[in-house]
Amino acid sequence: MHGVLRRTSREVAKTLKCRFVLTSLNMAIPLVRFEGVRFAYGENDILRDVTLSVAAGQVVAIMGGSGSGKTTLLRLIGGQLKANAGRVEVDGEDIGALSESALYERRKKLGMLFQFGALFTDLSVFDNVAFPLRERTQLPESMIRDLVLMKLQAVGLRGAAQLMPAELSGGMARRVALARAIALDPRVMLYDEPFTGLDPISLTTIGSLIRELNDALGAASIVVTHDVAESLAIVDYVYFVAEGGVIAEGTPEAVRESSHPFVRQFIAGQKDGPLPFHKPAGAYAADLGLEVGRE
Ligand SMILES: Nc1ncnc2c1ncn2[C@@H]1O[C@H](COP(=O)(O)OP(=O)(O)OP(=O)(O)O)[C@@H](O)[C@H]1O
Ligand SMILES: [Mg+2]
């Protein structure tokens, strides 16, 4: 398996040689940057002050409790949402300031793999991966064919090109979605819970692919995940999000040794800790009507 992945990564790197060389000179330039970002859904403040950055070549994990705003962060990068204050930059551009048409163009730089980002069920694996190339480029069909086969080779599924999504296992479907997400050679890859629902072997495969594709593309990858063991094995840096901001951050080594209570709660997978299990609510007894009639 490892041999396959390593060979795959070399092949991808070969096809992207120019970009690879360029990005190795630019390793320290942030591809994604949040500066004092605030975001609310209506009255509901989700992010109060978020500052973080992800450089070319880096894979970064974002961890945090359910509802802490992790998916919201990804939507701000994709420009589906706009910050109320502060700046969200992708490759040096202020995403919030772009017009709809500019945003549409810039999204070519972004690859997204969402947990429920399903494949088109009535298209073959090949046509699923070809979809963004046909939709977003003017390339001739012969070149699209080569690119699709290269992307499928990179995720180890060239042999499945003619299958329909219903004929794939969950892990294979996730890999096809990954091939589709990298079809346009994105500069930034966003993953929302990429490991959820996978068996341990598929999970490790997806983890290795995230790392190797990032390195081959010279991209920046952001992985929103609850899966501590898998993500610490592949990422360069971790941001912990809670209470509207980044409350802890560090390398996987620093995270493993951290005594920060939020971080400990995450690493140990404890239900009880600084992250509350219950969303704030009124008194339970009153909600159940148990106090009615009490004098
Ligand atoms: N479209 C929306 N309109 C209003 N509120 C929303 C909307 N989407 C999300 N929220 C709220 O924003 C908060 C953050 O949501 P978000 O999806 O970013 O959380 P998350 O960290 O990704 O959680 P999870 O780990 O459960 O996926 C939640 O309290 C949620 O209820
Ligand atoms: Mg989410």
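How many helices and strands are there in the protein chain? The chain has twelve helices and ten strands.

**Figure 1. Overview of the predicted model of the protein chain.** The protein chain contains 295 residues, of which buried residues make up 36%. Among contacts with a separation of 6 or more, 66% are between residues 24 or more positions apart.

**Figure 2. Confidence along the protein chain, given as pLDDT.** The average over the protein chain is 85, and 84% of the residues score at least 70. Strand β8 (residues 220-224) has the highest confidence, at 97, whereas helix α2 (residues 17-25) has the lowest, at a mean of 37. The pLDDT is below 50 over residues 1-27, a stretch with 30 contacts in the model beyond near neighbours in sequence. Where pLDDT is low, predicted coordinates should not be read in detail.

**Figure 3. The shell of residues around ligand 1.** Ligand 1 is surrounded by Tyr-41, Asn-44, Ile-46, Gly-64, Ser-66, Gly-67, Ser-68, Gly-69, Lys-70, Thr-71 and Thr-72. Two elements, β2 (44-55) and α3 (70-78), each give two or more residues to this shell. The largest share, three residues, comes from α3. By class, the shell around ligand 1 holds eight polar residues, two nonpolar and one charged.

**Figure 4. Helix α7 (residues 170-181) and its surroundings.** The helix has twelve residues and reaches 16 Å from its first C-alpha to its last, close to the 16 Å expected at 1.5 Å a residue. Helix α7 is mostly covered, with nine of its twelve residues buried. These buried residues are Ala-173, Arg-174, Arg-175, Val-176, Ala-177, Leu-178, Ala-179, Arg-180 and Ala-181. What covers them includes the strands β6 (110-114) and β7 (188-192). Also included in the cover are the helices α5 (125-136), α6 (141-154) and α8 (200-217).

**Figure 5. The largest nonpolar core and the surroundings of Ile-77.** In soluble globular proteins, nonpolar side chains tend to be buried together. The largest nonpolar core in this model has 74 residues. Those with the most contacts inside the core are Ile-62, Ile-77, Val-129, Ala-179, Val-188, Leu-190 and Ile-222. Ala-179 is also one of the buried residues of α7. Not counting residues up to four places away in sequence, Ile-77 touches Val-32, Val-88, Val-90, Ile-95 and Leu-190.

Definitions and conventions. Residues numbered from 1 in each chain as written. Chains lettered and ligands numbered in written order. Predicted model: local features only at pLDDT ≥ 70, side-chain atom pairs only at ≥ 80, totals over all residues. Near = placed C-beta within 6 Å. Helix = DSSP H or I, 4+ residues; strand = E, 2+ residues; numbered from the N terminus. Nonpolar A, V, L, I, M, F, W, Y, C, P; charged D, E, K, R; others polar. Expected span 1.5 Å × (residues − 1). Buried ≥ 20, exposed ≤ 12 C-beta atoms within 10 Å, placed from the backbone. Contact = placed C-beta atoms within 7 Å. pLDDT = per-residue confidence, 0-100. Core = buried A, V, L, I, M, F, W, Y, C linked by C-beta atoms within 7 Å.
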